[in-house]
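Reader: I would like a close look at one part of this model, with the terms spelled out as you go. Please take the side-chain contacts and then the strands in turn.

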Amino acid sequence: MNSKLTQKIAFSFLFLCALITIAPVLLIVVIIVVNGISAISWDFLTTSPTNGMRSGGIFPAIVGTFYLAAGATVISLPLGVMGGIYLSEYSKDNFFTRILKLGIVNLAGVPSIVYGLFGLSLFVIYLKLGASLVSGCLTLAIMALPAIITATDAALSSVPQSFREVSLSLGATKWQTIRHAVLPHALPGIITGTVLSNARITGETAPILFTVAAFYLPHLPGSVLDQVMALPYHLYVISTQIPGISKSTTYGTALVLIAFTLSLNLFGIIIRTHLRRQKKW
Amino acid sequence: MVAGTVKIQTHNFNAWFDKNQVIKSLNMQVYSNEILGIIGPANSGKTTFLKSLNRLNDLDIKFKMDGEVLLDNKNIITAIDITALRKKMSIIFALPLPLPISIFENIVYGPRMHGIKTGLEEIVENSLKASYLWDEVKDRLNESALNLSGGQQQRLCIARSLAVEPEVLLFDEPCSGLDPISTAKVEDAMMELKKKYTIILVTNNVKQAARVSGRVAFFLMGELVEIDFTEKMFTNPQDKRTNDYISGRFG
């Protein structure tokens with residue numbers, strides 16, 4: 001077989017593989033958009049569900065998911081970034097650190113239902129926070145932490161060692177060095193990791209199942225100790241528990257959830273691009 | 001013997017990486033306002049010695065040292081305030097290492113870390129003039145330092161070191177990556193700088209040591225073989241090994 005033909009076959013095969021990977025994702029999006037777009041209206045986005053959730057809007061679920069995403073980020077971002085800084089810059093490379101890092105990486109692979117049950121036993125029952133916004137945010141934050149810590153650690157490690165040496169050699173302290181010579185250059189990586197991680201947890205159902213999500217709650221939460229509706233759980237409920245609901249409502253809800261996650265990602269990409277443009281590296 | 005007072009002296013200074021002794025019982029003096037060239041083949045302990053002076057070797061956990069290194073009669077091996085020490089002994093690395101920020105910000109980085117908030121423009125101008133870079137960059141201080149050529153970057157690094165008002169400048173093969181014209185400019189800057197600072201120049205380039213330094217020390221396998229005035233070292237070295245190295249028989 002001549003080499004040109006081999007090359008063509010290899011190219012076609014790789015292209016096919018790429019196509020097969022993307023196709024299901026595209027298909028899902030297309031199906032959801034086609035079936036759900038008719039349900040999307042101003043009323044759908046801004047009113048509460050009515051008629052046993054068969055009609056009306058999904059406003060409380062949107063707000064609930066927004067609160068959960070924001071709350072989880074507020075808790076997990078500082079904790080995760082500081083943990084990552086400790087691991088990357090301060091911890092000595094010994095047995096304990098390696099076990100710790102291995103543990104964190106493995107935590108990222110723990111099934112979400114386990115986080116849900118953990119949140120239920122620790123926050124809801126033991127700390128007596130009940131099924132509430134704060135329990136849900138804490139559970140989601142814990143679930144987001146491993147990815148944020150790992151991303152921070154990786155982003156810091158990718159900053160050249162020479163930046164640290166230069167800064168220290170000019171008489172800066174270790175903390176000044178991290179704060180001014182390392183962290184700014186790791187920020188795009190940290191933000192990407194955080195946003196990706198939080199976009200993922202926004203779509204999770206299992207962690208909020210026992211900790212915060214309300215089956216039907218047609219008003220907005222008054223305090224952090226209230227339950228809220230959330231898009232993923234609402235979607236689960238209307239597609240399995242409500243007989244006779246119109247297809248477009250279910251698909252419409254899914255569409256809103258996807259759009260929500262996507263816009264979170266987009267937000268992250270915009271911040272990252274902006275930071276990268278500032279970076280004269 | 002040499003004009004100027006003793007700025008740095010070492011007594012039985014030893015240094016190790018793990019079990020590998022890289023500096024063996026070093027005894028020498030560095031005088032203020034001189035340029036002391038340190039020459040020697042690779043792995044002779046030159047850079048290690050330089051980085052011991054401002055304790056940058058501390059970053060490597062395998063590094064150990066003992067003996068005495070006195071800066072103005074204070075032992076730096078037992079120094080507690082290492083940041084103050086590093087401010088006094090500023091190092092210029094072998095490769096130009098500008099931070100990926102503007103020219104201006106590179107220079108004020110050190111002063112900012114030491115809490116200086118006013119007069120930064122003046123610091124930048126003075127430092128850049130002292131390193132012979134001002135005329136080339138005065139109109140583009142807010143550009144990225146990475147847009148400069150290699151030689152300009154190295155002079156920027158010199159300016160950045162000067163901005164923290166050090167007493168000793170440690171040059172670690174500062175011209176190893178530079179073309180001859182850039183090298184000449186850096187050397188010019190050094191000659192001018194020795195009026196105000198004590199300079200230790202580690203170099204792989206024997207000719208460079210001959211050009212700029214007043215005295216030369218020859219290191220070999222972690223030992224100080226010989227230290228003397230440049231002229232004497234290059235015309236009448238006492239040790240055969242020095243002669244062999246200088247005349248290019250090894251290294």
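Author: The charged end of A:K174 sits over the ring of A:Y90, at 4.9 Å from the ring centre; a charge counts as over a ring if NZ of Lys or CZ of Arg is within 6 Å of the ring centre and within 35 degrees of the ring normal. This is a predicted model, in which local features need pLDDT of at least 70 and side-chain atom pairs count only at pLDDT 80 or more, while totals for chains, interfaces and linings use all residues. Side-chain values use heavy atoms, without hydrogens and water, residues are numbered from 1 along each chain as its sequence is written, and chains are lettered from A and ligands numbered from 1 in the order in which they are written.

Over all chains there are six aromatic pairs, where rings of Phe, Tyr and Trp (its six-membered ring) pair if their centres lie within 6.5 Å, and planes under 30 degrees apart count as stacked, over 60 as edge-to-face and the rest as tilted. One of them joins B:F218 and B:Y245, stacked at 5.0 Å centre to centre with 25 degrees between the planes. B:F218 lies in strand β9 of chain B and B:Y245 in helix α10 of chain B, 27 residues apart (helices, H or I of at least four residues, and strands, E of at least two, are DSSP runs numbered from the N terminus). Both B:F218 and B:Y245 are buried, that is, under 20% relative accessible area with a 1.4 Å probe and protein chains only.

Turning to the strands, β1(B) pairs in the antiparallel sense with β2(B) over eight bridges, pairing being called when DSSP finds at least two bridges between two strands. B:A15 has B:I23 in β2(B) as its bridge partner.

Definitions and conventions. Buried means under 20% relative accessible area, exposed over 50%, partly exposed in between (1.4 Å probe, protein chains only).
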